[in-house]
Amino acid sequence: MTISVLSVASEAVPLIKTGGLADVVGALPAAVAPHGVAMTTMVPGYPAVMRAIGKGAGKGRTIHSYPSLMGEPARLITAKLGDHPLVVLDAPGFFAREGGPYADPAGHDWADNWRRFAAFGRAAADLAGGGTKRRPFDILHAHDWQAAMAPAYLRFAPSDAAHIPATVMTIHNIAFQGYFGAGIFPQLGLPDAAWSMHGVEYHGGVGFLKAGLEAASAITTVSPRYAAEILDPHYGMGLQGVILARENRVHGIVNGIDTMIWNPESDPYIAAPYGLRTLDRRIADKRALETEFGLEPGDGPLFVAISRLTWQKGMDVLPEILDHLAGLGGRLALLGAGEAAIESGLHAAAARHPGRIGIRIGYDEPLAHRMQAGGDAILVPSRFEPCGLTQLYALAYGCVPVVARTGGLADTVIDANIAAIAAGTATGIQFDGIDYHALRSAISRTVALYHQPDLWRTIQRNGMKCDFSWGRSGAAYAGLYARLLSEKS
Ligand code: ADP
Ligand code: GLC
């Protein structure tokens, strides 16, 4: 029997991406397909999405029209996400604006975000529950707060009571919760019963993610360690009680990587493709990267960082550590965008170390590939990390990850301590705490390991041999869907 799943998210590669969520949502349909799951993805009709589906094979067909969806005309149109079906919520009043998916060009959140993503959730609930001409789905799988109202609508205001699919709520990042004032409640189209501790009410306002967590049949996080961490107030960010109350419904399933897109043997963006047996060719990628960033060649390791420049990612600590890094003969190529204060700290460090520190501000997908191929080590000093994908890409590319011991970083990198080196299992460097001293000693350790070429090569190879493709995680999601269906029948 094939299980039909509607995967609902605000981002999906290759249509629209601001972070790892898009990579995961884009890869999920192919990951679950071998396990008897037919997945349709649903995304908002941002300009980039409408432009992409306006071209080629995926030209949209309207399957449902709303004269007014939370105050705006809207329609659901079908298209393709790679080889898999896609439904787009075309609602120009909500989504046809230049800027980011969540913020205007100046970086301020859109004031009507609650209405935009309530409408998105409402439409997803209608589509999954049989409120449109399309056959209902067995499962609705919502990702993050932007999709979290879909399970809540199915629970409190289903459009077709004859079919209510089982629901999965995946937390990619609990720091983003979709919290709004109580004044929006009457406009959500929910019955009074939804205004409760086990509904959408959260600290006197409306919590979208909270509502999804309460309503969903199952909750998943994107790594097992993060599932345990968010029971702690430090990581749960207010939602730890909600998670604890539903602990037996929480599953940690680590993200995979799309090996069609992230494979150093066939990556079209890199200067010199290479693999496990041809690691020597990687030097050409390193030289190309040095040239691209205007760095002088040197004997020390070339560090890279590819990251949102935010507190979560520990990027505020990076500038102060760069004198130490350069002092040890290291160099750094950094690509990122985010907070202005972090950007200026990085620029100042680069000015102190010309030819050693290169900074690129912006978002550049091909460059991210070239950095994984050319860097010796990648710095990921996150304060918390639900899964993290850059360290997984790094492992596949032989770029040794230097990571904070948290969340998915702790789950996926094996620290090169004495025991792991002796056992031949080390894949990277882990460190505790995000501060100057922790980072300083992690960088010192990395430089010391780099100067033992045989050991370094073993660590690179161990990482490249790891299997972080979607195989196991695709099976885990499919198993969860099947269990939820059997519970219902
Ligand atoms: P998060 O989603 O929290 O930002 P992840 O590690 O899960 O963290 O995913 C980040 C994704 O975004 C990766 O695919 C990474 O390569 C990409 N990325 C982050 N910053 C940039 C950038 N400035 N340019 C290109 N890609 C970036
Ligand atoms: C979020 C998390 C990141 C995770 C990604 C995909 O953006 O911050 O750790 O890898 O989602 O699940």
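This is a predicted model: local features need pLDDT of at least 70, side-chain atom pairs count only at pLDDT 80 or more; totals for chains, interfaces and linings use all residues.
**Ligand 1**

I started with the surroundings of ligand 1 and found 20 residues around it, counting a residue as near if one of its heavy atoms lies within 4 Å. The closest are Gly20, Asp23, Arg308, Lys313 and Leu389. Residues are numbered from 1 along each chain as its sequence is written, chains are lettered from A and ligands numbered from 1 in the order in which they are written, and side-chain values use heavy atoms, with hydrogens and water left out.

Next I looked up polar contacts (a pair of N or O atoms within 3.5 Å; within protein, one must be able to donate a hydrogen and the other to accept it, and residues adjacent in sequence count only if both atoms are side-chain atoms). The side chain of Asp23 puts an N or O atom 2.7 Å from an oxygen atom of ligand 1. For the side chain of Arg308 I also noted 2.7 Å to an oxygen atom of ligand 1. Gly362 uses a backbone N or O atom, 2.8 Å from a nitrogen atom of the ligand. The protein covers 93% of the 560 Å² of accessible area that ligand 1 has on its own (Shrake-Rupley method, 1.4 Å probe; for residues, only the protein chains shown count as cover).

Which element gives the most to this shell? Strand 13 does, with three residues. Domain 1 (3-256 + 471-488) and domain 2 (279-467) each supply at least three shell residues; the bounds come from an automatic or database domain assignment.

**Ligand 2**

I counted 14 residues around ligand 2, and the closest are His172, Asn255, Glu385, Cys387 and Gly388. An N or O atom in the His172 side chain is 2.6 Å from an oxygen atom of the ligand, and for the Gln312 side chain I noted 3.4 Å to a ligand oxygen. Gly388 brings a polar backbone atom 2.8 Å from an oxygen atom of ligand 2. On its own the ligand has 310 Å² of accessible area, and the protein covers 92% of that. Helix 1 gives the largest share of this shell, three residues. Here too, domain 1 and domain 2 each give at least three residues.

**Aromatic pairs**

I found 15 aromatic pairs in the structure (ring centres of Phe, Tyr and Trp, the latter by its six-membered ring, within 6.5 Å; planes under 30 degrees apart are stacked, over 60 edge-to-face, the rest tilted). Phe95 and Phe117 make a tilted one, 6.3 Å centre to centre with 55° between the planes. Phe95 sits in helix 3 and Phe117 in helix 4, so this pair ties together parts 22 residues apart in sequence. Is Phe117 buried or exposed? It is buried at 0% relative accessibility (buried is under 20%, exposed over 50%, partly exposed in between; 1.4 Å probe, protein chains only). Phe95 is buried as well, at 1%.

Trp262 and Tyr393 have ring centres 3.8 Å apart and planes at 10°, so I logged the pair as stacked. Trp262 is in the loop between strand 12 and helix 11, Tyr393 is in helix 15, and they are 131 residues apart.

Technical notes
Helices (H or I, at least four residues) and strands (E, at least two) are DSSP runs, numbered from the N terminus.
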